[in-house]
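The following exercises are to be worked with the sequence and the structure in view. Each task is followed by a solution in steps.

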Amino acid sequence: MALPTTRNYFELFQLPQCFALDSGKLDRHYLELQTRVHPDKAAHLSDAEKRLYLHWATLTNEAYRTLKRPLDRARYLLQLHGVDTREEDNTAMPAEFLLEQIEWREELQQAITLRSQQILDRLALRIRKETKRLLETLGTLLDVERRPLAAADVVRQLAFLEKLQRDIDQAQAAWED
Amino acid sequence: MLLQIAEPGNKTQSRSPRLAVGIDLGTTHSLVATVRGGRVVVLDDVEGRPLLPSVVRYQADGRVEVGHAARLWQNEDPENTIVSVKRYMGRALGDLPEGSRIPYRFADAPGMVQFETRAGRVSPVQVSAEILKVLKKRAAEFLQADLAGAVITVPAYFDDSQRQATKDAAKLAGLDVLRLLNEPTAAAVAYGLDRGAEGVYAVYDLGGGTFDVSILKLNRGVFEVLATHGDSHLGGDDFDQAVYGWLLAQTGITLPSPGDRLRLLSAARTAKERLSFTEETTIEVELAGGSRVQCLVTRETFETLTRDLVWRTLSPVRKALRDAGLSIRDVQGVVLVGGATRMPCIRRAVAEFFQKPPLTDHDPDQVVAIGAALQANLLAGNRSDEDWLLLDVIPLSLGIETLGGLAEKIIPRNSTIPVARAQEFTTWKDGQTAMSIHVVQGERELAGECRSLARFELRGIPPMVAGAPRIRVTFQVDADGLLSVSARETISGIEARIEVKPSYGLSEGEIARMIRDSYENAQADLEARRLNEQRVEGMRLLEATESALAEDQRLLDKEELRAITAGMESLRQVLEGSDWEAIRRAIDALNAASLEFAARRMDSSIRSALSGQKVETLRI
């Protein structure tokens with residue numbers, strides 16, 4: 001029996017294989033698939049069928065989560081192109097970008113030390129803007145210029161920003177609790 | 001809108017509905033409900049009481065009392081009368097907070113505590129099974145038929161071992177568990193279907209011993225849990241404790257006997273309940289020695305005593321909202337669940353926090369059982385015009401212990417279930433053939449501060465240089481929120497596949513033994529029961545296969561069709577007889593023959609699901 005794990009996520013949701021995404025269509029197709037494959041639809045069926053539904057529902061959730069998040073979607077597209085983003089061992093970054101990172105990290109530290117909501121908000125805003133800019137670049141590189149290696153560089157930069165964003169959220173959460 | 005979801009063909013089938021129940025297995029009381037004639041009925045006992053106190057007493061002659069009768073003995077025979085057993089499910093002795101050990105004598109069995117009673121050692125799973133048996137009997141008497149299955153509710157914040165223990169208890173009680181359903185989600189189903197609600201809802205569920213909050217998005221028949229949070233050691237019982245502590249201080253009683261402690265505690269509870277409706281009340285207790293305690297308590301005093309507890313519930317609410325990426329303004333309505341939400345201080349705090357009055361149109365004691373019954377009816381395959389889908393999440397992150405004792409998260413909390421993640425491991429020594437993996441659950445950074453779910457050894461790794469083997473460990477969480485782990489060596493081609501159940505789960509063998517033990521004239525009963533189970537299962541399979549063939553026969557070639565119809569014929573023949581093992585073999589054979597068919601039907605269903613969408617769009 002062919003296990004569904006080999007399925008291409010874009011094909012699964014009948015979406016074009018590109019970075020630009022019709023998010024509403026993804027949501028709709030996701031829910032329609034889940035109404036067919038969720039294990040709740042198999043609770044009265046045989047064990048073998050229960051397993052089949054479990055596999056499909058698991059895959060559908062994983063595919064949805066991957067395509068829904070821009071960074072994961074880009075990683076997945078690159079993987080389909082045979083490009084490994086090598087985020088664990090490739091730390092080569094433009095010097096400019098690295099300097100900016102150091103500056104922002106210092107700002108986060110300052111916000112935490114001073115407990116300054118203002119500094120934190122300002123930093124969060126800048127990161128949002130930069131993330132948006134990089135995502136646009138990523139879209140151009142993947143969908144228009146078709147330069148997967150350059151796209152992989154941008155993915156690595158975005159991963160830095162995502163980590164920074166997480167740390168900002170964590171600082172915010174620590175204040176609120 | 002909802003009609004779109006129902007599969008074509010199914011509505012035309014006419015058959016008697018399968019009878020399924022929803023069970024709310026609560027800390028202080030439990031109840032059972034079912035759907036009959038399209039309406040939910042909460043089932044009463046012979047005296048017309050829907051709530052069964054979750055109290056089990058072990059008597060000297062080995063008999064077991066459950067419910068109201070057992071509760072009467074709570075003060076006189078505290079050691080053998082187990083109350084609030086839910087607090088001990090899936091818990092080791094070291095997990096129990098101070099104060100929750102009295103008045104019992106515990107034996108620390110591996111994985112889960114056991115109670116020392118005069119009838120011997122019993123585990124929380126066995127105690128819970130006694131409660132479930134009573135509810136099962138109540139349902140069978142009402143329905144005058146065998147149950148096809150049950151949905152059992154659990155706190156959303158229950159971890160894997162607590163869920164596994166609950167499922168084991170249900171199996172032990174002879175219930176076929178259709179699903180473990182999170183209590184707040186069950187409540188949302190009851191409210192959502194009732195009101196045709198759409199938008200974001202928060203469910204605030206303060207039970208006897210647990211607190212849960214879930215944030216859900218309701219959209220065209222889909223109940224999507226966005227985030228859940230909670231505290232599995234916070235509930236109405238803690239409010240009783242607060243009054244009890246105050247009572248001791250007021251009366252100067254120190255170190256009361258176990259019996260007196262319970263007398264004072266239940267007086268504290270009564271006072272708490274009264275204070276929801278009146279401004280002041282008098283606590284009166286007669287102690288074992290004949291002395292009397294009398295004490296006036298006002299609502300104001302009560303609210304001062306419990307202010308911290310109320311405040312503690314709001315922290316998980318904030319965290320759940322944050323995890324859902326939403327603010328208070330996004331929340332359309334707040335549903336209150338659990339008897340403890342009758343307290344005016346809770347209602348006030350929730351209203352203030354969400355800036356809107358909470359919804360209370362369902363009885364907070366019954367709403368979970370009602371939702372569970374609705375879901376049970378759906379899962380049993382009794383489709384109607386109304387169909388819906390629940391997408392729930394895992395409440396706590398799953399991870400593994402890495403070097404240095406850190407917990408590395410593999411499946412983050414609030415991931416939609418079912419979910420699976422794989423992680424690759426390798427060896428660190430040349431020729432290493434085994435490695436051990438420690439699975440934990442929780443949000444703490446140190447593995448030692450998370451809940452330990454399972455430790456297992458991967459053996460039979462082919463000897464290679466360090467770092468060469470690739471062992472792919474897959475963590476699968478099913479729709480009950482239960483974890484299973486499997487592992488495979490991918491380089492050598494050797495499939496060293498294992499299935500790991502978390503350490504608190506009972507093995508199938510243990511459950512079978514416990515079921516056997518619980519039958520007095522074991523053999524005959526057991527045989528009859530097995531035969532009945534297999535017959536039901538066999539007929540169910542025939543019915544399902546027939547309807548599958550009616551719909552999708554075109555997906556099979558002649559040979560495949562022949563194999564399936566032959567399997568059906570063999571099954572029909574053995575169903576006439578009384579050999580349960582033969583029936584089971586025929587069921588397995590038919591299942592095997594139709595596996596590929598099922599896979600193809602799934603493919604076809606998925607394609608038609610999305611092409612259906614296109615037709616829909618065109619029509620508009």
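**Exercise 1. The fold of chain B**

Task: determine what share of the contacts in chain B between residues at least 6 apart in sequence join residues at least 24 apart.

Solution. Two residues are in contact if their C-beta atoms, placed from the backbone, lie within 7 Å. Among contacts in chain B between residues at least 6 apart in sequence, those joining residues at least 24 apart make up 68%. The model is a predicted one, in which local features need pLDDT of at least 70 and side-chain atom pairs count only at pLDDT 80 or more, while totals for chains, interfaces and linings use all residues. Residues are numbered from 1 along each chain as its sequence is written, and chains are lettered from A and ligands numbered from 1 in the order in which they are written.

Next, the elements: chain B holds 15 helices and 27 strands (DSSP runs numbered from the N terminus, helices being H or I of at least four residues and strands E of at least two). Finally, of the 620 residues in chain B, 43% are buried (20 or more other C-beta atoms within 10 Å of the residue's own, C-beta atoms being placed from the backbone).

**Exercise 2. A sheet and its helix**

Task: give the strand order of the open sheet of 5 strands in chain B.

Solution. The order is β18-β13-β14-β15-β19 (chain B), and the pairing is mixed; two strands pair if DSSP finds at least two bridges between them. At the edges, pairing on one side only, are β18 (331-337) and β19 (389-391) of chain B. From one strand to the next, the twist averages 25°. Helix α8 (residues 307-324) of chain B packs on this sheet and touches β13, β14 (211-219) and β15 (222-231) of chain B. The direction of α8 makes about 140° with that of β15(B) (axes are lines fitted to C-alpha atoms, for helices over the stretch in contact, and angles run from 0 to 180 degrees between N-to-C directions).

One pair can then be examined: β13 (residues 199-206) of chain B runs parallel to β18(B) over 6 bridges. Y201(B) has G333(B) in β18(B) as its bridge partner.

**Exercise 3. A hairpin**

Task: state which residue takes a positive phi in the hairpin of β2(B) and β3(B).

Solution. Strands β2 (residues 29-36) and β3 (residues 39-42) of chain B run antiparallel, joined by 4 bridges. V35(B) is bridged to V40(B) in β3(B). Between the strands lie 2 residues, and G37(B) takes the positive phi, near 55°.

Methods
Buried ≥ 20, exposed ≤ 12 C-beta atoms within 10 Å, placed from the backbone.
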